[in-house]
Amino acid sequence: MLSGRCLCSDTSWSTSVPPKIVHHCHCSMCRRWTGAAFATLVWFERSDVRWEGTPAMFRASPIATRSHCGRCGTPMALSYDDRTDIALAAGTLDDPEQVMPVHNYGAESGISWAGLVGELPEKETKERW
Ligand SMILES: [Zn+2]
């Protein structure tokens, strides 16, 4: 069982099946959508995902829509018009350790420093709640 939610908890999802695939996406659209260096996408069949709350939809291109929490703006999902599956934003996972990305999609668009995460010095956050 995997589940996730937005920052304000108005929008959440759950599924009882394992993801079809998990990967990073380095395209500029995913970067802007997430506001991060890259997106990590967790794919399921749409029919396997149950939603609580209704994410706000945004037509991001002629072939795909993206959704986010209408209250707090957390990116939630990417779906292509002609596909039956949906990519959920890994950042929404309640337990991200349950999935493992297997490739870098759109690697040609990747930011050069996006791969340096493990090489940087580590500092602890003081903000916890
Ligand atoms: Zn929210």
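Read along the sequence, the protein chain of this predicted model follows the pattern β-β-β-α-β-β-β-β-β-β-β, which comes to one helix and ten strands. The radius of gyration of the chain is 15 Å, close to the 14 Å that the globule rule gives for 129 residues, so the chain is as compact as a globular protein of that length. Taken along the principal axes, the C-alpha atoms fill a box of roughly 40 × 35 × 25 Å.

**Burial and contacts across the chain**

- Of the 129 residues of the protein chain, 28% count as buried.

**The seven-strand sheet**

- Seven strands make up an open sheet with mixed pairing, and their order is S6-S7-S8-S9-S4-S3-S10.
- The edges of this sheet are formed by strand S6 (56-61) and strand S10 (104-105), each of which pairs on one side only.
- The number of buried residues among the six of S6 is zero, so S6 lies largely in the open.
- S8 and S9 are also joined by a hairpin, here through four residues, and they pair in the antiparallel sense over two bridges, with Leu 78 standing opposite Ala 87 in S9.
- S9 pairs with S4 as well, in the antiparallel sense and over five bridges, and in S9 it is Ala 89 that stands opposite Leu 41.
- Four of the five residues of S9 are buried, so this strand is largely enclosed by the rest of the structure.

**The three-strand sheet**

- Three strands form an open sheet in the order S1-S2-S5, with antiparallel pairing.
- Strand S1 (2-5) and strand S5 (50-52) stand at the edges and have a single partner strand each, so one side of each is left without a neighbour in the sheet.
- From one strand to the next, the twist in this sheet averages 15 degrees.
- Strand S2 (residues 12-15) pairs with S5 in the antiparallel sense over three bridges, and Ser 12 stands opposite Glu 52 in S5.

**The largest nonpolar core**

- The largest nonpolar core has 21 residues, and those with the most contacts inside it are Ala 39, Leu 41, Val 42, Met 76, Ala 77, Ala 87 and Leu 88.
- At least two residues of this core are supplied by each of strand S3 (21-25), helix H1 (28-34), strand S4 (39-45), strand S8 (75-80) and strand S9 (85-89).
- Ala 77, one of the core residues with the most contacts inside it, is in contact with Pro 55, Ser 67, Ile 86, Ala 87, Leu 88 and Ala 89 when its neighbours within four places in sequence are left aside.
- Two of these contacts of Ala 77, Ala 87 and Leu 88, are themselves named among the residues with the most contacts inside the core.

**The surroundings of Cys 72**

- Cys 72 lies in the loop between S7 and S8, and because it has 12 C-beta neighbours inside 10 Å, where a residue with 12 or fewer is taken as exposed, it counts as exposed.
- Leaving aside its neighbours within four places in sequence, Cys 72 is in contact with Cys 6, Leu 7, Cys 8 and Asp 10.
- Cys 72 and Thr 92 are 20 residues apart in sequence, and the distance between them in space, C-alpha to C-alpha, is 12 Å.

Key
Residues numbered from 1 in each chain as written. Predicted model: local features only at pLDDT ≥ 70, side-chain atom pairs only at ≥ 80, totals over all residues. Core = buried A, V, L, I, M, F, W, Y, C linked by C-beta atoms within 7 Å. Buried ≥ 20, exposed ≤ 12 C-beta atoms within 10 Å, placed from the backbone. Contact = placed C-beta atoms within 7 Å. Pairing = 2+ DSSP bridges. Axes fitted to C-alpha atoms, helices over the stretch in contact; angles between N-to-C directions. Rg over C-alpha atoms; globule rule 2.2 N^0.38 Å.
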